[in-house]
Amino acid sequence: MLPADEQGEAALLLLAERLTALDLADRAAALLGQAAARTNGTARATLGLRQARLHFANGDTVASQAALDASAVAAIPDALQRERSILAAQVQARLGKREDAIAALKNLGGAGAEALKQLLVELQDWPAAASAFAGQLRESLPAAPTLLNESQGRLLLRQATMLVLAGDEAGLMALRGDYLTRLPSGPLAEAFTLLTADQLRGLADLPRLQRELDLFRSMPSRLEALRAGGSVTR
């Protein structure tokens, strides 16, 4: 099946999506690979990228790299090249070339920023992740003394989580001083208060310790909700 134009390419991508939805990702990847091999230029790069993503999502990193290599062409649109470069860096990270992957994403600047942050979290490089998220925080939050809305509060809570995992007490104190009074009362403010509180001081702080332990037990699901843009509840 050869997509002769943009409409044919779109139809093929739609077919691949439907096969994937039916748990036939292997067949979808094979279809995309065959089509990519029979075309050239931007269509080849687009189909190959989609094939590589399917392999990557299925955990076949080697096949994902092979699909990117086979569909590499010159002179494609910048946006498409950035998407391929981001996936290539993610593949490198899974293949153990972490420093190369991080460098590649940094070289992409803003286009690679989100993928870089996700990669640093996956690598559990918490200091670097906190530094990367801090840049987004500065760009996303309004100037003081404006109160933060829920989505902005989630960004703030995510940054506090990164700093806790990094063991950055100075960063937590600074974050608390800058933003605690700008959070409306509610679950987000309570979680932020717990995450940025001073170190425990004896038996009097045992109730707070229990609250913090409860918070950290739920941290994986909370982090996933924050990354997905969901809400945070008690």
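**Group meeting: helices H3 and H4**

So, let's start at a contact: Arg44, Gly48, Leu49, Gln51, Ala52, His55 and Phe56 in H3 meet Ala63, Ser64, Ala67, Leu68 and Ala70 in H4, where contact means heavy atoms within 4.5 Å. By class, that's seven nonpolar, four polar and one charged residues; Ala, Val, Leu, Ile, Met, Phe, Trp, Tyr, Cys and Pro count as nonpolar, Asp, Glu, Lys and Arg as charged, and the others, Gly among them, as polar.

Quick caveat: this is a predicted model, with local features needing pLDDT of at least 70 and side-chain atom pairs pLDDT 80 or more, while totals for chains, interfaces and linings use all residues. Numbering starts from 1 along each chain as its sequence is written, and side-chain values use heavy atoms, leaving out hydrogens and water.

How do the two helices sit? H3 (residues 41-57) and H4 (residues 61-70) pack at about 175 degrees, axes 8 Å apart. That makes H3 roughly antiparallel to H4, the word for angles over 145 degrees; axes are lines fitted to C-alpha atoms over the stretch in contact, and angles run from 0 to 180 degrees between N-to-C directions. Helices here are DSSP runs (H or I, at least four residues), numbered from the N terminus.

Zooming out, the protein has 13 helices and zero strands, and 40% of its 234 residues count as buried.

Notes
Parallel < 35°, antiparallel > 145°, perpendicular 65-115°, else oblique. Buried < 20%, exposed > 50% of the residue type's maximum accessible area, 1.4 Å probe, protein only.
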